[in-house]
Structure formats: structure tokens, C-alpha cells
Amino acid sequence: RKIFTISETVSKRLKEYNHYDSTPLFPPPFFAEKIHPGRYNDRVVYIGRMEPNKRPDLLLHALRYAKKAKVSIIGKGRSEDTERLMRLIDQCGIDDRCEILGYLPEEELLKRLSDCRALFYAPFDEDYGYATIEAFLARKPVITCDDSGEVVTFIQKTGSGFISDTHPRNIASNLMKVYEMSDKELEDKSDQGYQWAKDITW
């Protein structure tokens, strides 16, 4: 009998805590066939839930130091999480460069992903991270942190992103890199991720 998991991160945990060997079998995103590369606009997007463990807060803190960056926060959240982020935007003085869009219909979500400049996705110790795969399918680089679990593994495999610690200034440095790069450079940076992600299928 063979054991399969959804990621290398989960396989490592299974080995460490239960002493079982297993094989990662990456699940494709639900929208995989509907995601297409678009242009590179001036927005970095976060797509995901707004709970603290998903850490969209890190992006907002970093935005204070990345003066050219503009951010769109997309996803569901409890009212207290939305209110927390809105307060943080006000405290950081970034309301002119940051928008919380909440839940979006599928067509609009895919359009914003296809046309963004990059994705920020840095949850703590993530098991998998569909958003990373979705960004790669849209030929977008991913900005993450070095404690973000499988997201880090994906970027290390492909080189299609930027990794830092969680300090706001270091995240901001990676944010600024995607604004300093040309569209062609962003496309080239994302290419290995795209080639890898499009082969994830069942």
C-alpha cells in the first residue's frame, strides 16, 4: 500500500511525526484550465482568506516601505479580519495604494490574477497553496516568506518568485523588484513556474 500526500511539506511532517514514507501528489487548481497569462499592470495582489495565519498583514506593513507599490486584497474574511486589515491600512497611511476587494466573482477574480504584476502569498507553514500554482499559470512571480511551507518549496523548485524573512523592509525590497523589472523580465522570471504548473494534472 502506498501513501500519497498533497505536498512535500505534508510528506515531511508525516515522516517526522508518524515515521511513514509518502509520495506528494500535487492537486491542480479548480480554475486551472481557465487561467491565462495577461498583461502586467501596476498591482500586486493577495488572493486568499484574511485570517491572521494567512498573513495579508505582512503585505500591508511592507507597503509602507515600497512607495511605488499598489496592492489589491482579494478573498473572503470574517468581519473582524476585514476590520483589522482596514485599521492597519489606515494606521500605515496606505489607503491611497491599497484596496480590499473582498470576494469576487470567478470571471473578475481570474481577470485580476491574469493582469496583476505579481502575487504576494506568505501564509505560515502552508500545506500546499493553490494561489501559488494559480499565479504561475498566469505567468506571475510570487513573493513569499521563508517560513511559508510549500510555497517556498515551489519557488525554490522553479525560481519563479522572491523569498525573504518576515521583516517589512525585506518584503518591501522584493515588492520593489517587480516594479523595477520590465514586462519581459517578469515573464522570463515566471516561465519555469508556468512550465512546471501546467503539468500539474490528475
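Helices (H or I, at least four residues) and strands (E, at least two) are DSSP runs, numbered from the N terminus. This is a predicted model, in which local features need pLDDT of at least 70, side-chain atom pairs count only at pLDDT 80 or more, and totals for chains, interfaces and linings use all residues. Residues are numbered from 1 along each chain as its sequence is written, and side-chain values use heavy atoms, with hydrogens and water left out.

Start with the whole chain. It holds eight helices and eight strands. Its C-alpha trace spans about 55 × 35 × 30 Å along the principal axes. The radius of gyration (taken over C-alpha atoms) is 17 Å. A compact globule of 202 residues would have a value near 17 Å, so the chain agrees. That rule is 2.2 Å times the number of residues to the power 0.38.

Now look at burial. A residue is buried under 20% relative accessible area, exposed over 50%, and partly exposed in between (1.4 Å probe, protein chains only). Of the 202 residues in the chain, 52% are buried. Among contacts with a separation of 6 or more, 69% join residues 24 or more positions apart.

Next, find helix H1, residues 8-18. Which of its residues are buried? They are Thr9, Ser11 and Leu14. Their cover includes strand S1 (4-5), strand S2 (23-24) and helix H6 (150-158). Just after H1, histidine 19 has a positive phi of about 65 degrees.

Most residues other than glycine have a negative phi. Arginine 55 is buried, with a relative accessible area of 13%. At 32% relative accessibility, aspartate 125 is partly exposed.

Follow H2 to its contact with helix H7 (residues 168-180). Axes here are lines fitted to C-alpha atoms, for helices over the stretch in contact, and angles run from 0 to 180 degrees between N-to-C directions. The axes of H2 and H7 come within 8 Å and cross at roughly 80 degrees. So H2 is roughly perpendicular to H7, a label for angles of 65 to 115 degrees. H2 supplies Leu58, Leu59, His61 and Ala62, while H7 supplies Pro168, Ile171, Ala172 and Leu175. These residues divide into seven nonpolar, one polar and no charged. Here Ala, Val, Leu, Ile, Met, Phe, Trp, Tyr, Cys and Pro count as nonpolar, Asp, Glu, Lys and Arg as charged, and the others, Gly among them, as polar.

How do helix H5 (residues 130-137) and helix H8 (residues 183-197) cross, and at what angle? Their axes come within 7 Å and cross at roughly 110 degrees. That makes H5 roughly perpendicular to H8. Ile133, Phe136 and Leu137 of H5 meet Gly193, Tyr194, Trp196 and Ala197 of H8. The residues of this contact are six nonpolar, one polar and no charged.

Finish in H8, at aspartate 191. This residue is partly exposed, at 24% relative accessibility. Leaving out residues up to four places away in sequence, aspartate 191 touches Arg139 and Ser160.

Technical notes
Contact means heavy atoms within 4.5 Å. Angles under 35 degrees count as roughly parallel, over 145 as roughly antiparallel, 65 to 115 as roughly perpendicular and the rest as oblique.
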